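Hello,

Here is the structure we spoke about, with notes on what turned up in it. Please read them alongside the coordinates.

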Amino acid sequence: MGDAEFTELFARAGCRGWLCVQEVDGHGEVACGADEPVAAASVFKVVVALEVYRQASAGGLDPAERIRVRPPELTPGPTGLSVFADEAELSVRDLVTMMLTISDNAATDVLIDRVGLDRVRATLAELQMPRTVIPGALRDELDAIGRDAGFGSWAGLERAAPGLTGDEEQRVQQLMIASGPLDARRGIRTTARETARLLRLIWRDEAGPAAACAPVRQAMARQVTRQRLATGFGRQGVQVAAKSGTLLGLIRNEAGVITMPGGRRYAAAVFTRADRQWIREHEINRAIGAAAALAVGRLDSCGQAR
């Protein structure tokens, strides 16, 4: 099973794709473009959660600590706190749950502010993930899209959007697609291999103390999104714990761990970029699951033969 088979699978769905699947408890790997930089989208939130619980296990913060959030100050997003109308108070661990289960952007930036982006970067360096780069918080990424589109900020873009004509809207969409956060060389980025390795370390309790890794695994198992990796594993008894990432109808990713009925575990990271914005979403989602299933099937058969 070479790169060509994966390349063709993704192309049929209308996208480019990058993949790395690793045995959690062995050394087998299947990869396609695994060391090329890719836009991480919300998949990077896994390392934010890990940093929260690493600090908690070291006594640097209390997961039960309460944080009050105010809607006008929150990072925009389609779910969670971003769409709240009133102030709310949540614990740190509940913010992590919101971030990993429904990909809450506002909760993510609250947590980044709490633990410090410099500490998140230090953890990436400690885990030997030099190609996973987080230039700023999500609010910074969104404002960069707004600036690149000519509106000064994300808020300015949102205010102007309803009044755009057809031609103006198309021009703005093209500027957004070319913006820094969607560029795998400038925005929040990673590689499929580094992401798969991160998950492998978390599932082996090697990304930090066991007390830090376990709650990350538990929250990922509760993710609401089930239409990507999970679509490739419909058989009874297969468990999928994952984190998805989506950006502007162009980037669709998912990384997670698949546990087979016999107990074999596989860390899978699949990243895609659509050929055209906002089209063939369901086909691309299914391709993510199909590509992971192909890779896991190969590794699983090799494992059974050993």
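**Sheet and cores**

Cysteine 20 sits opposite alanine 31 of β2. Please keep in mind that this is a predicted model.

The strand that pairs with β2 is β1, residues 15–23; the two run in the antiparallel sense and are joined over 4 bridges. Both belong to an open sheet of 5 strands, in the order β2-β1-β9-β8-β7, and the pairing is antiparallel. At the edges are β2 (29–32) and β7 (239–247), each of which pairs on one side only. On average, neighbouring strands of the sheet are turned by 10° against each other, direction ignored.

Helix α1, residues 3–13, packs on this sheet. The helix touches β1, β2 and β9 (265–274), and its direction makes about 135° with that of β1.

Now the nonpolar cores. The largest has 63 residues, and Leu81, Ile202 and Val216 are those with the most contacts inside it. Helix α2 (residues 45–57) supplies the largest share of this core, 8 residues.

What does leucine 81 touch, leaving aside its neighbours within four places in sequence? Its contacts are Val69, Leu74, Leu90, Leu95, Met98, Asp104, Ala106 and Ala107.

Regards

Notes: Residues are numbered from 1 along each chain as its sequence is written. This is a predicted model: local features need pLDDT of at least 70, side-chain atom pairs count only at pLDDT 80 or more; totals for chains, interfaces and linings use all residues. Side-chain values use heavy atoms; hydrogens and water are left out. Two strands pair if DSSP finds at least two bridges between them. Axes are lines fitted to C-alpha atoms, for helices over the stretch in contact, and angles run from 0 to 180 degrees between N-to-C directions. Contact means heavy atoms within 4.5 Å. A nonpolar core is a set of buried Ala, Val, Leu, Ile, Met, Phe, Trp, Tyr and Cys residues joined through side-chain atoms within 4.5 Å. Buried means under 20% relative accessible area, exposed over 50%, partly exposed in between (1.4 Å probe, protein chains only).
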